[in-house]
Amino acid sequence: MALIQCLDCGKDISSNAAACIHCGAPLSSLKNPNQTVPYSDSEVSVMLSGKKQTSHVLHLILSCFTFGIWIFFWIIVAISNNGDNAAIDKKIKLGKKTT
Ligand SMILES: [Zn+2]
């Protein structure tokens with residue numbers, strides 16, 4: 001059990017309390033275990049560099065040589081890459097946990 005400061009009235013309250021005993025502010029809004037902060041620009045650029053690029057030129061050339069058979073592999077690879085990249089975007093959007 002620790003004393004924390006109420007964000008509403010600034011008085012010390014127990015971290016185990018459901019609400020501030022001085023002003024009644026709910027503690028859940030003060031102490032959110034899932035609170036996140038945005039990633040820094042450098043962290044974002046590192047994650048963005050992990051994104052997979054679908055090489056359309058390579059796939060177009062392969063499509064010509066294989067008479068369109070390669071187009072199916074191309075679509076599968078593109079969908080797979082999009083899924084990975086969407087996960088990275090989501091992670092950046094959510095931010096990192098503070099705890
Ligand atoms: Zn308070």
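## Contacts of Leu27

In this predicted model, Leu27 is in contact with Ala17, Ala18, Ala19 and Cys20, once its neighbours within four places in sequence are left aside. Leu27 itself belongs to the loop that runs between strand S2 (12-14) and strand S3 (36-37).

## Asp89 in helix H3

Asp89 is found in helix H3, which covers residues 70-94. With 13 C-beta neighbours inside 10 Å, Asp89 also counts as partly exposed, because the exposed class holds residues with 12 or fewer.

In sequence, Asp89 and Met47 are separated by 42 residues, yet in space their C-alpha atoms are 8.7 Å apart.

## The protein as a whole

The protein contains 3 helices and 4 strands, and when these elements are read along the sequence they follow the pattern β-β-β-α-α-α-β. Of the 99 residues in the protein, 2% are buried.

The contacts can also be sorted by separation in sequence: among those between residues at least 6 apart, 42% join residues that are at least 24 apart.

Conventions: Residues numbered from 1 in each chain as written. Predicted model: local features only at pLDDT ≥ 70, side-chain atom pairs only at ≥ 80, totals over all residues. Helix = DSSP H or I, 4+ residues; strand = E, 2+ residues; numbered from the N terminus. Contact = placed C-beta atoms within 7 Å. Buried ≥ 20, exposed ≤ 12 C-beta atoms within 10 Å, placed from the backbone.
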